Amino acid sequence: MTTATTLFRAHTVRSPERVLGDTIAVVDGEISAVGTWDELRAAHPDAEVLEYPESTITAGLIDGHSHPIWGLSMARGVDLTGIETRAEIIAALAKGAQELPEGEWLFGWGLAPNALEGPVDNTTIHEAVGPDLPVYLMLFDAHSALLSDAALREVGVTEPHRTVDGGGFTARPDGRLSGHALEFAAMGEVEDRVPQEPLEARADKLDELLHDMAATGLTSLVVADAQGGEAVTDVLEELERRGELPVRLRIAPWCTPDLTEQQVRELVSGLGRHGRRWRLEGVKLFIDGTIDNGTAWLHEPDTEGEGRAGFWHDPQTYAARIQLLHSLGVPTLTHAIGDRGVRFVAETLAALPKTGVQHRIEHLELADDETVEILAKHGIAVCVQPTHCTLFVHPDQRDSWSQRLGEPRNQQGFRTGDFAAAGIVQALASDWPVAPYDPRITFADAQLRHPHDQDSPAVGAQQALTPEQILAGYTTAGRASIGETGSSLRPGEPADITIWAADPITASPHDVADIRILATTLDGVVVAQYASSKGTTA
């Protein structure tokens with residue numbers, strides 16, 4: 001049987017901790033060896049050689065928490081990210097409405113609530129486009145949406161009400177609908193009635209998105225949802241009919257508070273379904289919502305008197321679901337943002353018998369010292385998004401997160417440095433479309449603790465990560481956090497690699513976001529390549 005061997009020659013091949021050599025030998029899609037050019041060329045004299053002079057090769061990067069499929073339905077229409085004033089919102093929506101074909105809905109995404117400069121309701125929408133156009137805007141944290149009055153009529157929502165996860169359709173002071181659909185159960189009530197794009201169009205968009213992600217060095221995504229049920233697998237199967245996915249997808253369906261034990265077992269029975277580069281694995285749960293929405297579960301209420309409870313009316317039911325999933329050998333991801341929610345999840349996971357099933361907590365925007373100790377003692381992994389701090393928390397505290405928490409709590413969040421110092425396995429992620437998926441931005445921001453392209457004060461400078469910790473968070477820790485090994489460039493691993501134009505470990509944090517990704521490979525096959533930097537064949 002003929003074997004295919006390729007040598008990838010660079011200036012440096014490195015792990016987070018050290019330089020491993022300058023060349024990788026790949027045999028039939030797996031890493032065979034890492035070492036020096038002279039020794040590996042001598043061992044494989046007939047191998048194809050791809051040379052990337054002056055480059056650095058690392059293990060392929062993993063986004064530990066992303067929503068590429070569901071996110072496409074959220075990141076739809078007018079891009080409102082970065083808008084900070086009501087006037088800018090009005091101008092953007094008015095322009096979007098002018099370009100809209102007659103009879104269609106206006107969509108938008110990325111809206112920050114503080115940009116409304118007042119209550120979170122649809123008044124600004126109506127001022128921009130009038131009351132008769134159906135409008136659906138996703139807020140920046142993806143935990144709520146704003147609907148115009150016309151959209152509410154279209155989907156059949158006629159009065160304010162609460163939902164099972166503590167959210168709902170909120171009311172104005174006079175009792176009328178505000179247009180604010182708060183949290184996932186409320187958005188789920190109208191999801192099927194909001195116009196959806198056809199399968200072909202969704203597949204086209206997902207294909208473009210995944211290729212763009214691969215071009216930033218990403219080789220794998222932990223997809224923290226399977227929203228849409230069969231629609232998720234339908235679009236993936238459509239893409240694999242066309243060819244190969246440029247990234248690997250591990251997709252965890254949701255266990256929501258309304259599911260019975262039998263429904264949870266049925267959810268688990270569907271795990272393992274897969275394609276060539278995607279699979280359903282693990283289960284995602286929520287203990288709370290977000291600080292900006294007032295739905296995070298806090299030890300003490302926020303400045304508006306909210307944050308008093310989590311999503312589960314009886315938190316012990318959440319604990320029972322975790323115990324069931326653990327007994328079935330299913331690893332879990334739990335969204336927990338408020339300090340009380342994070343503590344409850346940590347205590348629940350710490351009480352489980354040690355059977356080797358790896359569980360993980362997502363986001364952890366607030367965590368007290370005792371919780372950090374629990375995480376470290378019991379080997380509970382975390383997945384954090386440094387850019388949620390750098391992009392959405394302002395040093396002058398004018399953002400909704402800071403205002404909701406008030407001092408001193410708004411100075412105590414996003415404890416990435418403390419997690420690292422405690423030895424906690426810490427995966428890094430974007431949570432796209434909440435924040436940009438490009439890992440190079442996280443490489444910069446996690447070191448600087450402010451946006452890499454702005455000369456602004458750091459937020460919690462003592463929580464900065466080192467470049468070595470960041471690379472580990474995108475490679476080995478990304479795997480370990482979900483109970484897997486790999487992404488360490490060891491022989492026998494799939495040849496999923498990222499080829500950088502410069503070394504991200506030694507580069508200045510001010511420059512690392514601009515390092516070109518020369519190529520990304522899966523199984524030793526180039527799936528993305530910088531246009532003018534093709535590897536030369538020796």
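Q: Before we start, what does "buried" mean here?
A: Buried means under 20% relative accessible area. Also keep in mind that this is a predicted model.

Q: Okay, helix α16 then. How many of the ten residues of α16 are buried?
A: Ten of the ten, across residues 439–448, so the helix is largely enclosed by the rest of the structure. The buried residues are P439, R440, I441, T442, F443, A444, D445, A446, Q447 and L448.

Q: What covers the buried residues of α16?
A: The cover includes the strands β6 (61–66), β14 (218–223), β22 (497–500) and β23 (517–522), plus the helices α13 (386–392) and α17 (467–473).

Q: And what follows α16?
A: R449 comes after α16, and its phi is positive, near 60°.

Q: Switching topic: which residues touch the most other members in the largest nonpolar core?
A: Y136, L236, L249 and I251 do, in a core of 103 residues. Take I251: leaving aside neighbours within four places in sequence, I251 is in contact with I69, V223, D225, A226, V232, L236, W278, R279, L280 and E281. There's also a second, separate core of 18 residues, with I90, L111, L116 and L137 among them.

Q: Are C255 and C383 buried or exposed?
A: C255 counts as buried at 2% relative accessibility, and C383 is buried too, at 0%.

Q: On to rings. How many aromatic pairs does a search of the whole structure find?
A: It finds 16 aromatic pairs. One of them is F140 with F392: the ring centres are 4.8 Å apart and the planes sit at 55°, so this pair is tilted.

Q: Where do F140 and F392 lie?
A: F140 is in the loop between β9 (135–139) and β10 (144–147), while F392 is in helix α13, so the pair ties together parts that are 252 residues apart in sequence. Remember that α13 is also part of what covers α16. F140 is buried, with a relative accessible area of 12%, but F392 is partly exposed at 24%.

Q: What about W312 and Y318?
A: Their ring centres are 5.8 Å apart with the planes at 70°, so that pair is edge-to-face. Both W312 and Y318 are buried.

Q: Which residues form an aromatic cluster?
A: W70, F184, W254, F286 and F311 form one.

Q: And which rings have a charge over them?
A: Among them is F107, with R76 lying over its face at 3.8 Å from the ring centre. W297 is another: the charged end of R340 sits over its ring, 5.1 Å from the centre.

Q: Last topic, salt bridges. How many does a search of the whole structure find?
A: It finds 33 salt bridges. R277 and D523 make one of them, at 3.9 Å from N to O. R277 lies in the loop between α9 (261–269) and β16 (278–280), and D523 in the loop between β23 and β24 (525–529), so the pair ties together parts that are 246 residues apart in sequence. R277 counts as buried at 13% relative accessibility, whereas D523 is partly exposed at 29%.

Q: How far apart are the closest N and O atoms of R360 and E362?
A: They're 2.7 Å apart, in a salt bridge. R360 is buried, with a relative accessible area of 0%, and E362 also counts as buried at 0%.

Q: And where are D369 and R415?
A: D369 is in helix α12 (residues 369–378) and R415 is in the loop between α14 (400–405) and α15 (416–421), 46 residues apart. Their side chains meet in a salt bridge of 2.7 Å, N to O. D369 is partly exposed at 46%, while R415 is buried at 12%.

Q: Which residues are linked in a network of salt bridges?
A: E200, D204, E238, R241 and R242 are.

Technical notes:
Residues are numbered from 1 along each chain as its sequence is written. This is a predicted model: local features need pLDDT of at least 70, side-chain atom pairs count only at pLDDT 80 or more; totals for chains, interfaces and linings use all residues. Side-chain values use heavy atoms; hydrogens and water are left out. Buried means under 20% relative accessible area, exposed over 50%, partly exposed in between (1.4 Å probe, protein chains only). Helices (H or I, at least four residues) and strands (E, at least two) are DSSP runs, numbered from the N terminus. Contact means heavy atoms within 4.5 Å. A nonpolar core is a set of buried Ala, Val, Leu, Ile, Met, Phe, Trp, Tyr and Cys residues joined through side-chain atoms within 4.5 Å. Rings of Phe, Tyr and Trp (its six-membered ring) pair if their centres lie within 6.5 Å; planes under 30 degrees apart count as stacked, over 60 as edge-to-face and the rest as tilted. A charge sits over a ring if NZ of Lys or CZ of Arg is within 6 Å of the ring centre and within 35 degrees of the ring normal. A salt bridge is a side-chain nitrogen of Lys or Arg within 4 Å of a carboxyl oxygen of Asp or Glu.
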